[in-house]
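Here is a short note to go with the model. Please read the points in order.

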Amino acid sequence: MRPGQVKELLASALGVEPRETDYAACGCHLRLELAGAQVVDLAGAQVVDLARLMKVEGFFLEFITAVDFDTHLELVYSFTRHQEPLRLQAAVQVERGGFAPSLAGVFAAADWQEREVYDMFGIVFAGHPNLKRLLLPEDADFHPLLRDFTPRPEHGGDVVNLEMG
Amino acid sequence: MLRKTLIHDTFYLNLGPQHPSTHGVLRLLLRLEGERVVECQPVIGYSHRGHEHMAQNRSWLQFLPNTSRMDYLSALLYNHAYCLAVERACGITVPPRAEYIRVICAELNRIASHLLWFGAYLLDLGAFTPFLYAFDDREDILAILGEVTGSRLTYCYCRFGGVARDLNQAFLDGVRAFIPKLRRRLKDYHTLVSKNVIFLNRTKGIGVMSPEQARDYAVTGPNLRASGVNYDVRKAEPYSVYPELDFEVPLGEHGDCYDRYYVRLLEMEQSLRIVEQALERLPSGPIRAAGVEQEPAPPPGAYHFAYESARGQLGIYLVSDGGRIPVRMKWRVPSFSNLSVLPELLAGTLVADTIAILGSLDLVIPEIDR
Amino acid sequence: MRALWEYLWGVLSGAWSLAAGMGVTLRYMLQPVATVQYPRQRLPLPEAFRGPIRLRAFPDGHHCVACGECWRTCPSGVIKVQGLKAQAKDHNRARYFFIDFSRCSLCGLCVEVCPQQALAFSREYETVGPSRYLGVKDLIAALEQEEVVP
Amino acid sequence: MTGWLHDTWQWLLAVFGPVALALVVGLVAVLVWVQVNALFLVWLERKVAAHIQLRIGPKEVGPFGLLQTVVDGIKLVSKELITPRPANWVLFVLSPLLVFTPVLLPFLVLPFAPSLPLRDLNVGLMLIFAFSGLNVLAILMGGWASNNKYALLGAIRSVAQNVAYEIPLLLSAMSVVIMAGSLRLGDIVAAQEGMWFVVYQPVAAILYLVGATAETNRAPFDIPEAESELVAGFHTEYSGMRFGLFFLAEYTNMFVVASVAITLFFGGWRGPFLPGVWWFLLKVYLLIFVVMWVRWTFPRLRFDQLMNFAWKYMIPIALLNLLVTALVMKLVG
């Protein structure tokens with residue numbers, strides 16, 4: 001599948017316009033900025049439609065992650081294919097502590113990926129069957145990959161300070 | 001009433017985190033009916049060290065030693081992948097000799113990783129001896145890699161724009177002696193294990209993963225190829241010097257434990273071929289690109305790099321603001337997705353099969369936890 | 001009939017596979033052992049071996065000017081170095097050089113960034129100790145016990 | 001000095017009578033022999049395993065590391081005996097004793113040499129099988145009393161496996177008994193005057209060896225203690241010498257079943273040049289070596305496959321073999 005084909009497909013099915021990026025420079029063929037999901041409108045969120053389309057077209061969900069830009073979080077979904085590889089990355093803006101629709105009903109892989117994002121960034125995935133901590137302890141009350149997170153002593157780890165002289 | 005509870009009584013068994021077959025610290029919460037698994041729930045995170053958090057607190061260069069601590073069995077592959085990712089982001093061209101050296105070392109490391117898996121898997125199935133044969137072979141690789149990298153397990157050998165040290169004669173001699181030796185050993189492994197009727201009974205038709213299932217759970221690597229899907233990042237999104245080398249991608253048919261086993265054994269042979277060819281073509285020249293800054297910083301933007309590690313597709317997603325310290329570094333580790341399919345494979349199997357299936361997925365838990 | 005034949009063939013080939021496996025282990029049993037009995041026999045260290053770092057010794061002592069490049073580069077922050085000038089116009093020379101080896105990951109970045117090439121890997125490999133504080137090494141003091149390698 | 005010893009001997013003889021005294025002396029000898037034999041077998045196992053795996057094995061303590069197992073035994077004795085709190089204390093303590101006792105009794109009737117069985121009972125074979133059947137009870141007790149899920153699973157597996165494999169074991173031994181016409185082990189050896197029974201009964205011999213390996217929970221049939229699945233199976237919670245007794249029993253059991261195999265199929269103490277007892281021991285250790293060799297070569301079977309193998313293949317074949325033997329004996333004899 002060529003980037004052009006996918007572009008047309010997305011334009012006709014979802015009415016979105018992905019941007020073609022230079023694969024040799026950034027390792028990604030298409031990048032798509034989606035509108036932020038609203039809490040009230042999760043069912044109709046574009047990213048779920050996108051995932052359904054991707055599943056039909058033979059893509060698989062590589063990963064879901066988030067990036068903290070201080071003002072907002074950016075959820076990144078990465079899709080690629082087994083045959084004729086083509087990588088499409090979709091970015092969705094989410095506010096801190098905000099909501100996003102869950103893809104667990106579409107891709108089974110999304111289950112754990114979303115749990116990890118919830119774990120690390122505190123984004124709540126609405127419709128997720130089992131949104132619990134994945135890597136951190138069950139009773140953790142922090143989201144370590146947020147940029148304003150500072151480790152506290154009770155998070156563990158210790159440092160030997162070198163005494164000079 | 002009593003009869004009903006007796007028949008439908010199930011109990012929970014905590015397999016791990018301290019258990020001989022969970023390789024690292026994985027906990028499987030199994031609901032059993034007698035010896036039959038009704039439900040399985042993997043619990044991970046016991047060796048979470050926060051590598052992605054560390055990445056946000058140190059420079060691009062300083063993250064280099066971290067890469068080899070995620071999947072310590074294929075440390076050089078991670079090392080290589082990270083360097084390639086940053087080089088792509090910064091636009092650094094690596095001299096061909098350095099790239100060939102990296103590929104030779106990476107493929108040797110891939111063989112070492114597969115050998116360790118082979119031994120540990122047979123150990124899970126109750127055969128102790130192949131484990132030590134595999135370790136004997138792996139020891140050779142560690143010694144060879146030690147000659148040039150200076151360490152045995154957690155290598156930090158690749159640098160942005162090249163490698164830390166040139167190959168020496170001991171390395172070349174070691175590799176040339178090792179290739180025929182491993183070929184002989186692989187023959188013995190086939191006689192001792194692949195054709196063994198007990199082994200066949202334990203693995204054939206067990207833990208069958210369909211290609212659709214694999215895609216749904218984003219399973220990659222030998223686990224995916226055992227299901228017959230031809231997807232190897234080295235072929236699909238060629239990087240480094242792999243396009244210049246001639247190798248095949250072994251595929252399975254049924255997606256059962258035996259195919260996952262057999263695909264890995266065949267992959268070792270292909271890796272040997274790659275090493276052989278790369279040694280033959282090894283160009284002369286510098287091993288470090290000239291004019292690379294001490295601490296390169298990629299221009300602002302998001303970058304992705306896909307790499308075929310020993311366990312599947314390794315993805316590195318970098319976000320840079322042009323500064324010395326990354327904004328975000330996401331590691332898409334293959335074992336994470338490979339483990340997530342486990343509950344589906346385990347439903348309805350016996351405890352003994354649980355071990356056989358868990359082992360066949362080739363998981364490295366610290367890699368999952370990061 | 002065909003089923004019976006297949007059954008028999010299965011039994012025979014299975015038995016043969018077991019016998020062949022036993023042949024392999026018997027052959028290995030007669031081979032020389034592959035292990036090295038550690039405290040008695042030692043393997044030669046590889047040329048590139050990485051032990052805890054040391055200051056390279058020169059006839060005029062060490063060449064460290066305490067620029068702090070290694071200290072800034074070290075990913076784990078295990079290096080502390082402080083220099084002194086004998087006179088105002090002199091070069092800076094390291095007076096104190098400590099590493100906390102218990103947290104060192106032997107990546108070798110410090111050795112590479114050193115502008116004076118004053119650092120090198122030692123060939124020490126028995127670095128286990130009963131306390132993590134034993135990992136703190138005084139490289140200047142260690143230098144005095146070392147012979148000069150030009 | 002010798003006079004004093006002689007007097008004591010005379011006194012003991014007068015008080016207890018020759019038969020009882022012989023039994024006591026024999027029992028002491030057996031107890032010592034069992035320990036020494038088990039220690040030697042553990043050493044042998046480790047050496048065989050090591051050399052198969054390109055290692056050396058024990059070498060530090062004593063010549064060729066022979067005393068290593070003695071030192072290990074001392075370590076085991078000196079370790080704390082831990083009883084888990086939720087365990088059933090009585091059964092938990094009783095189980096190792098019960099597992100060890102029955103493996104001693106077959107030594108009463110084993111014909112090491114023509115004159116060496118302590119009591120040459122006319123139902124010697126039955127006694128051996130009867131007591132080796134007790135083993136499983138002890139394992140079940142230990143596994144259940146530990147109150148540990150792994151131990152319980154191991155115990156359940158063990159019971160099913162032992163029940164299943166006892167049958168082909170007995171059936172294959174029975175075909176030899178039919179040929180010899182006696183359950184007395186001495187008579188069975190005597191019947192192999194011209195030719196070993198393994199020549200007439202190859203199927204029974206193979207069935208017996210497979211069954212015996214399963215009966216003693218040796219790999220590839222070691223599923224009750226499959227360490228990669230059940231940690232240590234039924235003895236997961238045992239420590240110190242209680243674990244040591246399980247260990248001792250396993251190796252002694254191995255010796256017993258190998259001795260029975262030698263007696264039934266390989267001519268017992270018969271052999272040229274050397275005295276009978278040497279031939280007997282040589283054959284037994286050779287057979288044990290083969291069992292070890294098998295252990296270090298093959299992966300472990302799965303539980304249901306193991307049961308299938310016993311019920312679907314071994315028992316029908318053993319029955320058929322018994323039938324044919326009986327028919328042939330009837331026609332010939």
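1. First, burial. A residue is buried if 20 or more other C-beta atoms lie within 10 Å of its own, exposed if 12 or fewer, and partly exposed in between, with C-beta atoms placed from the backbone. On that count, 47% of the 333 residues of chain D are buried.

2. Conventions. This is a predicted model, where local features need pLDDT of at least 70 and side-chain atom pairs count only at pLDDT 80 or more, while totals for chains, interfaces and linings use all residues. Residues are numbered from 1 along each chain as its sequence is written, and chains are lettered from A and ligands numbered from 1 in the order in which they are written.

3. Fold of chain D. Helices (H or I, at least four residues) and strands (E, at least two) are DSSP runs, numbered from the N terminus. Chain D has 13 helices and zero strands. Its radius of gyration, taken over C-alpha atoms, is 21 Å. Along the principal axes, the C-alpha atoms of chain D fill a box of roughly 65 × 60 × 45 Å.

4. Contacts. Two residues are in contact if their C-beta atoms, placed from the backbone, lie within 7 Å. Take the contacts in chain D between residues at least 6 apart in sequence: 76% join residues at least 24 apart. Chains A and D do not touch. Their nearest C-alpha atoms are 25 Å apart.

5. Sheet in chain B. Two strands pair if DSSP finds at least two bridges between them. Three strands of chain B form an open antiparallel sheet, ordered S1-S2-S3. S1 (11-15) and S3 (36-43) of chain B each have a single partner strand, so one side of each is left without a neighbour in the sheet. The twist averages 25° from one strand to the next, with axes as lines fitted to C-alpha atoms and angles running from 0 to 180 degrees between N-to-C directions. Five bridges join S1(B) to S2(B), residues 27-33. Leu13(B) stands opposite Leu30(B).

6. Sheet in chain C. This open sheet has three strands in the order S2-S3-S5, with antiparallel pairing. S2 (79-84) and S5 (136-138) of chain C are the edge strands. Here the twist averages 15° from one strand to the next. Six bridges link S2(C) with S3(C), residues 93-100. Gln82(C) has Tyr96(C) as its bridge partner.

Technical notes: Rg over C-alpha atoms; globule rule 2.2 N^0.38 Å.
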